[in-house]
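Please keep the sequence and the structure in view while working through them.

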Amino acid sequence: MPKRVDHDERRAEIGRALVQVAARKGLHAVGMRDVAAEAGVSLRLVQYYFHTKENLLLHGLQQLTEGFGERVTARVRAAGENPGPRTVVEALLMTSLPTDEESRAFHLVLTSYALLAVTDEALAAQPYLQRPDAAEDAVTGLLEQAREAGLLAPDADARTEAVTLLALAAGLGTSVLTGQRTPESATAVLRHQLNRIFREPKAS
């Protein structure tokens, strides 16, 4: 019997190849032929699944953001049952830092998508880029939960601190990519900021 093809897995493999090539060459320089070579498949097969480079880029963006969410979730679960707001905020911020090959590719390629979306209306319309406040809203909500639980510094404004944390993480990520500082140094700076705004839970 002929071997059954898992089309979803084949699409995912091609999406991963796109991210790998984009991390090396830059998203603007990636062609469908490059992705096919990276995935070890024919150009015709890539065209069969995605038809156009635009569709391939949109799929890659979706796969990239879903993968990030999965890594954040795994980090939170590894912290144990009933993680508090700080644990979730820290997981989100630390996962975004380029500390290994996977997170480095995420930071590089997602930044490339954002820059490309400035002149590409189809990319700009995607929910992953259309709602830049989504992460800000999520972190703000977590900080408000911390405030209600008495775990936030009394003078901390949840929205302002969320903006500060996300901007700090993005800037630190770029400084790691350019070799200005090490991943360990960037992690220490983020934890310092978290320690500034979060209080330790009171002993029961």
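Residues are numbered from 1 along each chain as its sequence is written, and side-chain values use heavy atoms, with hydrogens and water left out.

**Exercise 1. Describe the overall make-up and the confidence of the model.**

Step 1. The protein has eleven helices and zero strands; helices (H or I, at least four residues) and strands (E, at least two) are DSSP runs, numbered from the N terminus.

Step 2. The C-alpha trace spans about 65 × 40 × 30 Å along its principal axes.

Step 3. The average pLDDT, the predictor's confidence in each residue from 0 to 100, is 87, and 93% of the residues score at least 70.

Step 4. Confidence is lowest in helix α8 (residues 127-130), with a mean of 58, and highest in helix α11 (residues 183-197), at 96. Where pLDDT is low, the predicted coordinates should not be read in detail.

**Exercise 2. Determine how helix α1 packs on helix α4.**

Step 1. Helix α1 (residues 7-25) and helix α4 (residues 53-78) pack at about 90 degrees, with their axes 9 Å apart. Axes are lines fitted to C-alpha atoms, for helices over the stretch in contact, and angles run from 0 to 180 degrees between N-to-C directions.

Step 2. The two helices α1 and α4 are therefore roughly perpendicular to each other (angles under 35 degrees count as roughly parallel, over 145 as roughly antiparallel, 65 to 115 as roughly perpendicular and the rest as oblique).

Step 3. The contact (heavy atoms within 4.5 Å) involves R11, A12, I14, G15, R16, L18 and V19 of α1 and L56, L57, H59, G60, Q63 and L64 of α4.

Step 4. By class, this contact of α1 with α4 has seven nonpolar, four polar and two charged residues. Ala, Val, Leu, Ile, Met, Phe, Trp, Tyr, Cys and Pro count as nonpolar, Asp, Glu, Lys and Arg as charged, and the others, Gly among them, as polar.

**Exercise 3. Determine how helix α5 packs on helix α9.**

Step 1. The axes of α5 (residues 85-96) and α9 (residues 133-148) come within 9 Å and cross at roughly 155 degrees.

Step 2. Helices α5 and α9 are therefore roughly antiparallel to each other.

Step 3. P85, V88, V89 and L92 of α5 meet V139, L142, Q145 and A146 of α9.

Step 4. The contact of α5 with α9 has seven nonpolar, one polar and no charged residues.

Terms used. Predicted model: local features only at pLDDT ≥ 70, side-chain atom pairs only at ≥ 80, totals over all residues.
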